[in-house]
Structure formats: C-alpha cells, structure tokens
Amino acid sequence: FFNAPGELDQIKLSPDGTTDIIVSSRNFEKRRALWIRTYDSRGELLRTTILQPDEDKHLLFGRSMKLPDGRQVVCGIYGRFTEYSRGVFVATIDVTGSYAIRYYNFAELKNFFSYMRARQQKRVKERIERRTIKGKKIKFNYRLLVHDLIEYNNELLLVGEAFYPHYVYPRNYNPQARTERIFDGYKYTHAVVIGFRKNGLLSWDNSFEINDVKTFQLQQFVRVQPEENRI
C-alpha cells in the first residue's frame, strides 16, 4: 500500500460505498504531501491523488469529504516546517483527479485570535498591521489537532484544537547537571471553527478559549452540534 515512511491521517467511508485513505509523507522534494487513495466497496483501487504543496510549504494533515456531485474537498493544516502549522489549506478535487489548493495564513483569519484577552488581542492585531504595512511576512506557529469535516448549511466546517507540550523539571533539578525535563502532558489553549464554501473559499471563522485541559494523549475535547440557526 505504502512503502515510504508516512503517517495515516484518515480512513473515510463515503455514502457511495467508496473508501478514501489519506497518508501524509514526504515527496521527492522532501516536502510533506498528501496521498489520497480511493477504493471501491470490494477494496479495489479506483484512483490515487497526490496533493503536492507549494514551494516552502508542507501539507501536515488533512481531512476529506466527498460531495454529491463527485467532487472531493480536503481541508487541513500546512506549515513552513513539519512541527508547527502556519495556517489552514483547502483542496478541491474534481472527478478527473485535478485539484486546486487555497492557503489561509492564521493572520488572515478575522477571529483566529478572538480567544485572547482584549489587550493581548489588540497587541497581536497591531503587530500584524505593522508587518503588513512594511510588506513583511506574518508568521504564527501553532500545533493544531484537526477533526473530521462537518457539512452545515451548504458549507463545510473545519474544527481544530490548539495545544502545546508541557514540561517540568524534577524536584532535585540541578542546572549545572543539565537534568532533562520531564514531559507533563499536552495543554490545550483554544479551539478554532472555520466555515468554507464547497468551492474552497473561506466564509467565516471564530475561536474560543479552552481552560484547564491537560492530557497525556492527544484527543478530541471539543464536540460540535449543528442546529438550524446556530452551532
């Protein structure tokens, strides 16, 4: 199935009986790309689509959804390096396997920093404005745990939870002895909810703080319940 080292991102069963398997691995240019293999109900391979990232980008993780017209949408996170994400991407794949990818830097999202306190949010937005005026690239790096896509009001919802690994020093810590830090679990900071149109265009985004969540194994804590006029 897959000979090179890679990571299994998703196994997705579609209503038409096909199954999509997404694997993240490095391409010939040593950048992370996404291999999407589609199988029929008997396990026969129908199609392989390889989403190749733009230059200086890695496609770190992706989630897929099939649309009724045969198109496929893959949303996920991309980064300059493989450990942190710089933003989200949306790939639209047509029935022939041709695709287009749109990238959205975290700084481009209107409410990505809404979870912060007002003063902190103001400082971040002022920093973005200063760098934009000077024509400099805006770089925000996050670790983001991405969930399955959700269809809602003719849009697709991408939900992610931001986290970071927390370390502590042992009680008998001696700086001169260079004692190793001890992993103390993952701390969650905030959740991001992003709405996309089915053509891949960004529609809206929001975020909210996550408090007092620490786990030694990454898992989904935020649950989504779509209703008629709200989520």
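Predicted model: local features only at pLDDT ≥ 70, side-chain atom pairs only at ≥ 80, totals over all residues.
Biologist: Which element gives the most residues to the lining of the largest cavity?

Modeller: The search of the whole structure finds 1 cavity of 30 Å³ or more, and about 50 Å³ of space lies in the largest cavity. Strands E9 (143-146), E11 (155-168) and E12 (182-197) each give two or more residues to its lining. With 3 residues, the element that gives the most is E11.

Biologist: How many residues in the lining of the largest cavity are nonpolar, polar and charged?

Modeller: The lining includes Phe 106, Phe 112, Leu 144 and Ile 194. Gly 160 also belongs to the lining, and Gly counts as polar. By class, the lining has 9 nonpolar, 1 polar and no charged residues.

Biologist: Are the residues of strand E3 that point one way and the other buried or exposed?

Modeller: Arg 32, Leu 34, Ile 36 and Thr 38 point one way from E3, whereas Ala 33, Trp 35, Arg 37 and Tyr 39 point the other way. Buried means under 20% relative accessible area. For strand E3 (residues 32-39), 8 of its 8 residues are buried.

Biologist: Which residue in E4 is the bridge partner of Arg 37?

Modeller: E3 and strand E4 (residues 45-51) pair in the antiparallel sense over 6 bridges. Their hairpin has 5 residues between the strands, and Gly 43 there takes a positive phi near 90°. The partner of Arg 37 in E4 is Thr 48.

Biologist: Which residue stands opposite Ile 36 in E3?

Modeller: Strand E2 (residues 19-26) pairs with E3 in the antiparallel sense over 8 bridges. These two strands form a hairpin in which Lys 30, in the turn, has a positive phi of about 70°. Opposite Ile 36 stands Ile 22.

Methods:
Residues numbered from 1 in each chain as written. Heavy atoms only, no water. 1 Å grid on protein atoms, 1.4 Å probe; cavity = no way out; pocket = protein on both sides within 12 Å on 5 of 7 lines; lining within 4 Å. Points joined across faces, edges and corners; volume = space filled by probe spheres on them. Helix = DSSP H or I, 4+ residues; strand = E, 2+ residues; numbered from the N terminus. Buried < 20%, exposed > 50% of the residue type's maximum accessible area, 1.4 Å probe, protein only. Pairing = 2+ DSSP bridges.
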